[in-house]
Amino acid sequence: MSMTTKATMSVPLLDLKAQYTDLKTEIDDAVRRVMESTRFIGGPEVTGLEEEVARYSQCSNAVACASGTDALLLALWALGIGPGDEVITTAYSFFASAGTIANNGATPVFVDIDPRTYNIDVHKIEAAITPRTKAIMPVHLYGQCADMTSILALAERRKVWVIEDAAQAIGSEWEGRRAGSMGDYGCFSFFPSKNLGGAGDGGMIVTNNAEYADRARLLCNHGARPKYYHALIGTNSRLDSLQAAILRVKLKHLDRWSEKRAQNAKLYDSLFEGSRVGRPFKDARSRHIYNQYVVRHERRDELKKHLDERGIGNEIYYPVPLHRQQCFAPLGYREGDMPQSEAAAKETLALPIYPELTEDQIRHVAATVREFADS
Ligand SMILES: Cc1ncc(COP(=O)(O)O)c(C=O)c1O
């Protein structure tokens with residue numbers, strides 16, 4: 001590559017066009033298949049995807065729904081969690097982890113994170129349990145599982161449910177067990193930027209408990225069984241057949257993509273060796289699927305500006321920890337309550353990690369980061 005090309009090379013945070021180009025024939029065929037069948041709601045594409053994701057996630061049941069947010073909402077709802085109840089979750093995640101708890105009328109109780117993995121600090125959960133606690137919702141952030149051995153043992157001992165927010169972690173593992181299969185419910189998102197992303201919104205609930213699956217399925221279809229007979233008050237949260245057909249095509253490539261992301265991460269790790277930029281920590285007990293590759297630097301905002309100016313895609317996940325979100329002010333948390341989450345919100349930055357990245361692009365991103373970080 002010539003020096004002039006390299007100097008001006010920009011790298012997006014994500015390149016969904018590259019993925020589509022790669023799979024165009026298969027995806028276009030799948031879309032045509034649904035259009036010609038005119039089976040737009042339910043049908044074989046949706047049930048096919050449910051079976052395939054269930055198998056992929058080591059679960060006996062899967063229920064497709066309209067988004068990852070709805071998957072969490074429905075799981076909490078199906079367990080009857082509502083006003084007066086508390087659900088423990090991490091202070092550092094996408095908003096939906098906490099928003100869904102509040103939307104069910106329950107109270108999110110935040111726990112700080114382990115600064116190495118950015119996942120909930122399992123040593124701090126028990127102190128947050130009260131007689132009102134109904135569930136723990138660990139989030140497998142960035143594609144790496146939280147310490148499920150500790151969480152499951154605690155939940156068993158304290159008789160609370162576990163809902164895994166596996167929105168970023170399909171295919172991730174904890175000691176050989178797949179994300180979503182370990183708790184009472186596991187919730188996935190098919191938001192386009194996820195490792196398995198649709199052409200729009202989508203989500204899925206997985207569980208090894210047939211009764212729990214049945215309840216979630218009823219709730220996401222207005223509680224109707226049979227049609228027009230409503231045993232429960234539910235809602236309309238379904239996955240479109242078009243999305244299901246596209247996701248079935250993509251699922252076949254998911255392991256290859258997640259492996260490629262892990263290889264990209266390994267290359268970044270080696271390129272950041274000896275740098276002042278903090279590399280992501282990989283727990284040996286986890287299969288990390290690198291939905292995000294998140295680095296750390298004390299002057300993160302300046303690093304971000306440096307990358308922005310040079311056309312290197314990057315994103316802050318997340319600039320405000322959940323306990324400091326304006327909407328949760330009534331819960332009474334203060335600055336300093338969750339120091340690790342607060343520090344992560346100030347110091348972390350996600351870099352491009354998508355599978356189609358070339359080695360040249362990765363080297364260029366790493367060099368641009370080091371140019372700032374080590375200066
Ligand atoms: C950790 C986490 N939880 C929940 C969600 C919600 O998923 P969706 O955007 O599909 O509603 C997301 C996705 O953005 C997420 O990253």
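**A first tour of the chain**

Let's start with overall size. The chain has 375 residues, and a compact globule of that length would have a radius of gyration near 21 Å; the chain has 21 Å, which agrees. That radius is taken over C-alpha atoms, and the globule rule is 2.2 Å times the number of residues to the power 0.38.

A word on the source. This is a predicted model, where local features need pLDDT of at least 70, side-chain atom pairs count only at pLDDT 80 or more, and totals for chains, interfaces and linings use all residues. Residues are numbered from 1 along each chain as its sequence is written, and side-chain values use heavy atoms, with hydrogens and water left out.

Now the layout. The C-alpha trace spans about 70 × 55 × 35 Å along its principal axes. We have 12 helices and 12 strands. Those are DSSP runs, numbered from the N terminus: helices are H or I with at least four residues, strands are E with at least two. Of the 375 residues, 56% count as buried. Buried means under 20% relative accessible area, exposed over 50%, and partly exposed in between, with a 1.4 Å probe and protein chains only.

Next, helix α5, residues 96-103. How many of its eight residues are buried? Six, so the helix is mostly covered. They are Ala96, Ser97, Ala98, Gly99, Thr100 and Ile101. These buried residues pack against α4, β2, β3, β4 and β5. Contact here means heavy atoms within 4.5 Å. After α5 comes Gly105, with a positive phi near 90 degrees.

On to a helix pair. Helix α4, residues 68-78, packs on α7, residues 210-219, at an angle of about 115 degrees, with axes 9 Å apart. Axes are lines fitted to C-alpha atoms, for helices over the stretch in contact, and angles run from 0 to 180 degrees between N-to-C directions. From α4, Leu74, Trp77 and Ala78 meet Arg215, Ala216 and Leu219 of α7.

Two peptide bonds are worth a look. Arg225 to Pro226 is cis, omega near -5 degrees. Pro226 sits in the loop between α7 and α8. Tyr317 and Tyr318 are also joined by a cis bond, omega about 20 degrees. Tyr318 lies between α10 and α11, in the loop.

Tyr142 has about 65 degrees, in the loop between β4 and α6. Is Tyr142 buried or exposed? Buried, at 3% relative accessible area. His222 has phi near 60 degrees, in the loop between α7 and α8. At 38% relative accessibility, His222 counts as partly exposed.
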